[in-house]
Amino acid sequence: MSTSSAPTPPSTPASPSSESTPSSEAAGAQPVAEPVGEPVVAPVGEPVGDAQGQPVVEVAPPRRSAYSMGSMPNMLRSLFVMGVFVLALFAIVPRIGQVDRPAVDALAKAQYTAEQTSWPIELPTGLGSGWIPTVATYAPGTDRVPTFTTVWKTPAGADIALKQAVKVTGGWVTRSVNAAPRSGSAEVSGRTFERYAAVDGKQLSYLARGAGDTGLTIVATGTAAEDELKAFVAALKPVTPAG
């Protein structure tokens, strides 16, 4: 007697496993590495790391020189070095205490002026060595008064200016005596001079006023001692006009 067997249920296709590897792996292909970004440089104090999580390299600012920061000790040291340099330069550079003017031909200028103006121009004569004329001019002076001026170096190294003019003004006289106050009179070689002495005692002037509109007014003024000033005016004599 035959026994009937139970029907075999249809087979279900096996679904691929979620853990199965791609065929490429089976073929021996290597995994592709993801690209790594360049390091990001960030200022000091900023959070380390970028949006992709890449490392950040911190760069410290360059160190400033102590001299560039201008601190007081550095400034003092710089000033000291500069001062030493200036002193050394001052020590090696030659200096001139005064500039000596060359002698001029005061007599020729006086003779020419006397011939042109008909004034009885005077100059010192017979003073001896050490008296050097350094200036001789004829030009408008204070208040546009035409003035003949000579300047003399004395043996002691002082200066005496001799001014001569006619029709002088009060301003001309004041300027010629350097605004010094009147201080008596002086008698020299039979002529009376008004004496003007500076308050500080550094300048002395002798003034002989001319008579009328044609009279020649003479002022001798300067830094010389009074004995030199007296010797100077005592030697004054009219020159012979040129021509």
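Visitor: How many bridges join strand S8 to S9?
Guide: Strand S8 covers residues 191-197 and runs antiparallel to S9. Helices (H or I, at least four residues) and strands (E, at least two) are DSSP runs, numbered from the N terminus, and two strands pair if DSSP finds at least two bridges between them. The number of bridges joining S8 to S9 is four.

Visitor: What kind of model is this?
Guide: Residues are numbered from 1 along each chain as its sequence is written, and side-chain values use heavy atoms, with hydrogens and water left out. Local features need pLDDT of at least 70, side-chain atom pairs count only at pLDDT 80 or more, and totals for chains, interfaces and linings use all residues; this is a predicted model.

Visitor: How many residues of S9 are buried?
Guide: Buried means under 20% relative accessible area, exposed over 50%, and partly exposed in between (1.4 Å probe, protein chains only). Leu204, Tyr206 and Ala208 point one way from S9, Ser205 and Leu207 the other way, and all are buried. Of the five residues in S9, the buried number is five.

Visitor: What is the bridge partner of leucine 204 in S10?
Guide: Strand S10 (residues 217-222) pairs with S9 in the antiparallel sense over five bridges. In S10, the partner of leucine 204 is glycine 222.

Visitor: Which residue meets arginine 209 in a salt bridge?
Guide: A salt bridge is a side-chain nitrogen of Lys or Arg within 4 Å of a carboxyl oxygen of Asp or Glu. The N to O distance for arginine 209 and its partner glutamate 194 is 2.8 Å. Arginine 209 lies in the loop between S9 and S10 and glutamate 194 in strand S8, so the pair ties together parts that are 15 residues apart in sequence. The residue that meets arginine 209 is glutamate 194.

Visitor: How far apart are the closest N and O atoms of glutamate 122 and arginine 191?
Guide: These two residues form a salt bridge. The pair links distant parts of the chain, with glutamate 122 in strand S3 (residues 122-124) and arginine 191 in strand S8, 69 residues apart. The closest N and O atoms are separated by 3.1 Å.
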